[in-house]
Amino acid sequence: MNTLQFSIVSIVIGAAVWLCGHLLGVGYVFFAGYTILQFIVLASAWNILGGYCGYVNFGSAAFFALGAYTTVFFYKFNPLPIPLLIVIAAVVCGIVGFGMGYLTLRLRGAFFAIATLAMAVVLQTLVVNWDYVGGSRGAYIVRAENIQIGGFAIDYIEYLFLLMTALAIIAVGTSRLIARTQLGFGFATIRDDELAAEASGVPTLRLKLIATTVSGALMGMAGAPFPYYIGYLQPASAFGLEYGVNSIAMPIIGGTTNWVGPLIGAILLGSLQQLATVTISSAVNLLIVGLLLVFFVVLAPNGLVGLVQDRLNAWRKK
Amino acid sequence: MSALLHVENISKRFGGFVALDGINLEVRQGERLGLIGPNGSGKSTLVNCICGALQNEDGQVHFDGAPMNGLAAHERTHRGLARSFQLPRPFHSLNLADNIRVPMLYTVHKRTGPLHADSVDARCVELLSLVGLDRKARQMPRDLTQVEMRKLELARAVAAEPKLLIADESMAGLSHSEIEDILALLMRLNERGITIILIEHIMSAVMKFSQRLAVLVSGKKIADGKPEDVIKDREVVGAYLGQ
Amino acid sequence: MDVSLLINAIVAGLLLGGFYAAVTAGVSISFGMLDIVNIAHPAFIILGSYIAYFAASSLGADPILVSVLAMPLFYALGVAIYQVYYLSFERRGQESLRGLAFFFGLLFVTEVTLILTFGVDYRYVEAVYIGPSLHWGDIDFPLRMVVPCAAALVMFSALHLFVTHTFTGRAIMAVSQDQLALQLMAADPIRIKRIAFGVSIATASLAGALLIIIQPVEPSVGREYIGRVFAICVLGGLGSLPGSLVAAMLLGVMESLTSTFYGPSWAPAVSFGFLLLTLAFRPSGLFGR
């Protein structure tokens with residue numbers, strides 16, 4: 001299936017899901033679905049740098065929050081339509097991703113990971129001290145009840161859901177495209193053995209910078225509609241640990257070596273968390289994520305996709 | 001013949017430890033140079049500095065007439081400098097053919113322009129057959145023996161179509177006939193015009209292969225000349241060869 | 001500029017720095033010497049804080065005493081974690097991505113477990129030496145900072161002596177530099193690393209008690225310390241205990257000055273910013289250490 005076919009199929013699926021929810025009139029589907037789609041974007045984006053290149057980014061929450069705060073900034077300054085905000089967030093976060101990469105990618109993997117954590121805290125501190133966007137008090141975003149699209153009025157949440165579906169398609173599509181091209185091949189050499197890759201002529205720094213820029217931009221895009229979704233944005237929630245840990249846990253649990261893993265991880269883990277939040281408590285659901293992460297990293301390092309592949313290989317050999 | 005590689009007075013320190021101390025070395029176009037010395041003498045550090053995996057603190061590396069200081073390793077590979085690693089470093093998630101494909105796509109393509117996918121595939125298998133691994137082209141590195149991994153390592157370096165190939169202990173652990181095979185391969189490559197630096201402990205192979213022999217001990221070059229002269233040098237015998 | 005304010009800020013910074021050295025000692029061992037990126041270390045420190053809190057509030061025991069008694073438990077925890085880490089990652093040579101994710105998961109699990117057990121309210125302990133201050137002219141020496149600093153320096157010195165004067169300690173230093181040589185010395189590198197990691201986690205017990213003496217603690221406080229700890233480690237030279245002491249003092253003073261003159265909300269940025277600058281401008285290549 002080539003890229004065009006894939007795009008069409010995913011658009012059709014996305015539209016179908018939306019239509020079902022719209023016709024059934026179940027608002028909760030859109031609220032919960034939005035979160036899961038958001039995680040699909042974050043997980044796929046993280047995986048481009050983390051899974052493909054092997055560089056762990058602990059600062060995913062920072063890019064997400066940066067995208068969200070770009071929206072808040074414009075809301076206070078001069079409100080813009082969300083699709084435009086998404087593009088702006090992509091540019092801003094892409095630049096920050098590039099900058100972060102330039103400063104830190106010469107470091108060994110472990111130092112890079114710590115540096116990403118440091119960047120996240122520095123960014124958070126800057127935002128907390130920036131009163132224009134609300135600082136630690138937070139910022140209120142008022143969203144309209146519904147929105148006109150092509151003559152039809154739909155609930156605003158359904159609109160947000162549509163946007164996030166589009167972003168999810170873009171994120172997964174990008175991830176898949178990279179994996180199928182020479183870029184993905186180059187990423188794999190970096191992950192496997194960066195020294196050998198350099199010695200073989202792979203321009204590792206350049207490729208890593210591409211990864212951080214694309215990854216950062218996608219995460220920022222996921223964050224841009226968030227203030228409209230949540231209504232009240234606070235640094236603690238925007239920079240929250242749940243985004244950081246989920247961006248890592250979902251690809252690892254799903255499988256990091258291809259584009260399917262983060263998608264599966266996000267859908268499964270996202271749904272599980274929605275269930276747990278509703279039935280037990282939100283703290284417990286985070287505990288479950290953490291435990292699953294440790295469990296999978298130790299026992300099933302190739303994730304669910306890896307487990308399935310092993311089963312298939314074993315079955316084929318019979 | 002002009003010097004293809006000119007290592008000019010390079011030094012490298014790790015904290016207080018001096019790994020290389022003012023090394024001067026010239027390798028002429030088409031030459032076969034043997035580099036020997038005890039473990040820890042700095043041979044691998046020298047290779048790393050020449051190839052750009054490490055940056056030397058003092059001195060300059062000239063390759064093909066151009067200064068190399070500051071250039072990243074991949075850029076040096078693009079210019080025709082290739083090396084195999086002493087401890088094999090295959091790409092574990094790629095099969096053997098794909099391992100060979102990496103330098104083709106990233107080095108050879110860069111020089112000569114994109115090749116057709118089929119010719120790349122054919123070339124990969126051809127290179128693997130040079131080292132006797134063509135039947136394992138679709139297998140993964142983890143299924144190889146240590147010896148086969150060394151051969152893959154060498155094949156991958158050759159895939160970059162270098163002007164100068166540094167073979168770092170490619171023969172460790174090989175049987176006598178396998179050593180002969182590798183030597184024959186290196187000779188053939190040399191006949192095609194590839195300059196070769198052979199780093200080895202297996203003295204019979206080194207003596208057979210080298211036109212010139214250099215000896216590194218404790219970060220200093222203590223001998224450099226015709227093999228038959230160097231092995232009789234008292235300092236060399238005392239420091240490395242023993243008797 | 002108010003000179004006494006400046007001097008007090010510096011003194012507070014030095015006292016804080018002593019404490020930071022204790023906090024960092026564990027990571028100095030695990031990261032500096034064993035090359036294990038244990039970013040969960042601050043979470044174990046918080047665990048130590050809560051144990052001290054629990055013992056102090058329900059038994060009225062002295063937090064420092066409790067933490068010293070708890071050290072063997074933490075040591076055992078460290079050994080267990082290293083075993084899992086070794087079997088899952090080090091042996092397979094996949095440390096980087098998986099190891100980091102593993103410790104991140106541990107950090108998370110520990111923090112959330114503490115939240116579920118104790119809630120998100122700030123906890124603090126009461127002890128004889130929390131409250132009073134010594135004075136020398138205009139300079140204040142709050143005992144709640146002096147005692148932890150002193151205890152920290154004692155632990156730090158003990159560690160330094162251990163590493164330089166005992167066989168096991170020297171073996172730990174050696175294993176970071178040359179595993180082969182260690183094996184030739186008939187010492188089992190894996191066992192040595194296990195001991196080292198156990199010691200590393202054991203220090204978290206005491207560090208935790210000291211932390212809750214200095215400031216009120218809640219589960220997410222650990223995250224602020226990740227940057228500090230690694231900044232100090234890197235600044236001080238990986239694996240060098242004396243180096244990390246100097247770096248800790250330096251960082252402590254810088255944070256104290258920032259806090260005093262620019263406000264405490266900027267303090268986290270200091271250590272993390274310092275870390276970033278150090279990492280960005282160190283001339284480290286792929287081999288760089």
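A residue is called buried if 20 or more other C-beta atoms lie within 10 Å of its own, exposed if 12 or fewer, and partly exposed in between, with C-beta atoms placed from the backbone. Helices (H or I, at least four residues) and strands (E, at least two) are DSSP runs, numbered from the N terminus.

This is a predicted model, in which local features need pLDDT of at least 70, side-chain atom pairs count only at pLDDT 80 or more, and totals for chains, interfaces and linings use all residues. Residues are numbered from 1 along each chain as its sequence is written, while chains are lettered from A and ligands numbered from 1 in the order in which they are written.

Helix H1, residues 3–24 of chain A, has 0 of its 22 residues buried, so H1(A) lies largely in the open. The expected span of a helix is 1.5 Å times one less than its number of residues. For H1(A) that gives 32 Å, and the end C-alpha atoms are 32 Å apart, which agrees. After H1(A) comes Gly25(A), with a positive phi near 70 degrees.

Helix H5, residues 109–128 of chain A, reaches 29 Å from its first C-alpha to its last, close to the expected 28 Å. H5(A) is mostly covered, with 18 of its 20 residues buried. In H6(A), 18 of the 25 residues are buried, so the helix is largely enclosed by the rest of the structure.

Next, chain B. Its secondary structure comes to 9 helices and 10 strands. Four of the strands, in the order S2-S1-S4-S5, form an open antiparallel sheet; two strands pair if DSSP finds at least two bridges between them. The edges are S2(B), residues 17–28, and S5(B), residues 66–67, each of which pairs on one side only. Inside the sheet, S1(B), residues 3–14, and S4(B), residues 58–63, are joined in the antiparallel sense over 5 bridges. Which residue of S4(B) is the bridge partner of Ser11(B)? That partner is Asp58(B).

Helix H1 of chain B, residues 43–51, lies across S1, S2 and S4 of chain B and runs at about 65 degrees to S2(B). Axes here are lines fitted to C-alpha atoms, for helices over the stretch in contact, and angles run from 0 to 180 degrees between N-to-C directions. Contact means that the C-beta atoms of two residues, placed from the backbone, lie within 7 Å.

As for overall dimensions, the C-alpha atoms of chain B fill a box of roughly 55 × 40 × 40 Å along the principal axes. Of its 243 residues, 44% count as buried. Among contacts in chain B between residues at least 6 apart in sequence, 64% join residues at least 24 apart.

Last, chain C. It has 11 helices and 2 strands, and 50% of its 289 residues count as buried. For contacts in chain C between residues at least 6 apart in sequence, 77% join residues at least 24 apart.

Against chain A, 34 residues of chain C are in contact with 40 residues of chain A. H4(C) gives the most to the side of chain C that touches chain A, with 15 residues.
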